[in-house]
Amino acid sequence: MNWLKRWLPDGRTLVTAVPYLWLLLFFLIPFVIVLKISFSQSAIAMPPYDPLFQWASEKMLQVKLNFGNFAFLVEDNLYWKSYLNSILVAGVSTLLCLLIGYPMAYAMARSSPSTRNILLLLAVLPFFTSFLLRVYAWIGLLKNNGLVNNALMAMGVIDQPIQMLQTDFAVYVGMVYSYLPFMILPLYSNLEKMDLTLLEAAADLGCKPWEGFVKVTLPLSMPGIVAGCLLVFIPAVGEFVIPSLLGDPGMLMIGKVLWTEFFNNRDWPVASAVAIALLLFLVLPIMYLDRAQNAANEDGEHK
Amino acid sequence: MQGKSWFRMLSLIIGFAFLYIPIASLIVYSFNASKLVTVWGGFSTKWYGELLHNAQILNAAWLSLRVAAISATISVILGTLAGMVLARFGPFKGRTLFSGLTTAPLVMPEVITGLSLLLLFVTMEQLIGWPAGRGMTTIIISHVTLTMAFVTVLVQSRLTQMDESLEEAALDLGARPWKVFFLITLPIIFPALLSGWLLAFTLSLDDLVIASFVAGPGSSTLPMVIFSKVRLGVSPDINALATILVVVVAIGVAVAGVMMTRQQKARDRDAQMALAANQQMIESVKRA
């Protein structure tokens, strides 16, 4: 049996190889294919694009690179506007999530241990229920004859229903609502680990409570803030469901543009080019997030 | 700190109200007799009855449940392996890429993941003839890729918190690595696997964008059917469906939560006793 053992990979290699190969095949290689197709020309065929490599004659491989799709992205300002608007919407949503999520995470982390677990469960529970249906719930709330307008009219704040659905306001509400748990969780786990004696020391040295917060708690929670913001910002840039259900039909978001190019215009090469451009923009934040998470994990090991 | 206590209470109340009022409104209006979802027309359960007769929704739900169960199971297996690699195997060649590949699906915009997986499936079909056409298999593969990232994070963080000396003790006592994994590590990280499975299941059940890209004709998942209905406006039977989903998930999470807390307590006690016994043994060896 010894000869067999030499040829079979050892357990360690096998355990590494199985998930590694899966991710290479189903996550990394697909991006290479997207890159390839972003350089091809759209055609009326199935699949709807021309091949990049073609044998022109027996010994000649013809490579046709079409930069037209990227030139198209640069020239047509629809794409520029969509990218910029997506970044703006994602950025503002991230900021709003931070403003709402930080006090919540702080309050959760500073309550008694038994309440803490219940509050954590309550914060995670919506995350387990359907995202699509939770966005759908806001249609019912924000409609012209919806709950919010009815309540405001009953209280006499307004006489006429305000148009809220199909506005940017509705998109922000939906974004903050859907991504809030992503902000709360990393903040909570950071704030919960904090050494409270540091605050006592600050108080002993004459710091007022708010000074202690600004000078001690806030800087120490920076890793949690960064992780939470990235976890909200990166997926929010490419969000499709929320703007298409709650936003104005004409609202320009890059996720919607990609969807339309692919499903309605059936232009796979341009959709791929849109994806590659978005990916190039997101590579740096994603790498930064990976580093931040590794740092957090190593921090956990030392404790 | 007295003055700040009301502020913390207030932020909790407002925050949780924001999170739960929409869900509550879905549930309340699912019992509304009126077809106009937001105008109250008396109590009725007729939308639930209508749901049971909607073959399109039932078929889609059945497909989604099967996809979710299978992909969650595969994703827990792969995610556990990946979590073990990241938490226990130390540095190795290609580790940076590996850890990047396990993090990226968490945040990657779904439109990109969906498009890239579809193009992969199309290319693979041209090259090797598999997967022939698109349907349940391609949705399952895509959902495993998406959800295993979440399982990996859960398992990895549980493993880094776990006391490694228990595994080391078993290895010292002569157990083979795979035996240590099944007898020591697996039972201890089981709560993380359970919550990972639940999370993977619900994420798969919920996914609209990736499934829309990789599903073939005739394999519409539940979110795809809901989305096409919701685009036309609110409809009361969707509220009934939402209520059923919310109630099932809430019960599932609550049961899992209670189970995990109980198990955790028992495990902690066992682990402490084992460590104490180990300590005693070491000391008696030292004395001798």
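1. A crossing of two helices is called left-handed if the near helix is turned anticlockwise from the far one by less than a right angle, and right-handed if clockwise. That term is needed for two helix pairs below. The model itself is predicted.

2. Start with chain A. Its secondary structure comprises 14 helices and two strands. The radius of gyration is 25 Å, well over the 19 Å from the globule rule for 303 residues, so chain A is more spread out than a compact globule. The C-alpha trace of chain A spans about 85 × 75 × 35 Å along its principal axes.

3. Chain B is built from helices, eleven of them, with zero strands. Read from the N terminus, the order is α-α-α-α-α-α-α-α-α-α-α. For chain B the radius of gyration is 24 Å, whereas a compact globule of 288 residues would be near 19 Å. Its C-alpha trace extends about 85 × 65 × 35 Å along the principal axes.

4. Now the interface. Contacts link 67 residues of chain B with 76 residues of chain A. On the chain B side, the elements giving two or more residues are helices H1 (2-30), H3 (55-88), H4 (95-107), H5 (110-128), H6 (136-161), H8 (177-206), H10 (222-230) and H11 (236-287). H1(B) supplies the largest share of that side, with 13 residues. By class, the chain B side holds 46 nonpolar, 17 polar and four charged residues.

5. One helix pair bridges the chains. H2 (residues 11-38) of chain A packs on H3(B) at an angle of about 120°, and the axes are 9 Å apart. This crossing of H2(A) and H3(B) is left-handed. From H2(A) come Val15(A), Thr16(A), Val18(A), Pro19(A) and Trp22(A). They meet Leu78(B), Leu81(B), Ala82(B), Met84(B) and Val85(B) of H3(B). The H2(A)–H3(B) contact counts nine nonpolar residues, one polar and no charged.

6. A second pair lies within chain A. H6 (residues 131-142) and H8 (residues 168-193) of chain A cross at roughly 140°, and their axes come within 10 Å. Here the crossing of H6(A) past H8(A) is right-handed. H6(A) contributes Phe131(A), Arg134(A), Val135(A), Trp138(A) and Leu142(A). H8(A) contributes Ala170(A), Val173(A), Gly174(A), Tyr177(A) and Ser178(A). The contact of H6(A) with H8(A) has seven nonpolar, two polar and one charged residue.

7. Look also at H4 of chain A, residues 77-109. Its 33 residues reach 46 Å from first C-alpha to last, close to the 48 Å expected at 1.5 Å a residue. Where is the kink in H4(A)? It lies at Gly101(A), shortly before the proline Pro103(A), and amounts to about 30°.

Technical notes
Residues are numbered from 1 along each chain as its sequence is written. Chains are lettered from A and ligands numbered from 1 in the order in which they are written. This is a predicted model: local features need pLDDT of at least 70, side-chain atom pairs count only at pLDDT 80 or more; totals for chains, interfaces and linings use all residues. Two residues are in contact if their C-beta atoms, placed from the backbone, lie within 7 Å. Helices (H or I, at least four residues) and strands (E, at least two) are DSSP runs, numbered from the N terminus. Ala, Val, Leu, Ile, Met, Phe, Trp, Tyr, Cys and Pro count as nonpolar, Asp, Glu, Lys and Arg as charged, and the others, Gly among them, as polar. The expected span of a helix is 1.5 Å times one less than its number of residues. The bend at a residue is the angle between axes fitted to the seven residues ending there and the seven starting there. Axes are lines fitted to C-alpha atoms, for helices over the stretch in contact, and angles run from 0 to 180 degrees between N-to-C directions. The radius of gyration is taken over C-alpha atoms; the globule rule is 2.2 Å times the number of residues to the power 0.38.
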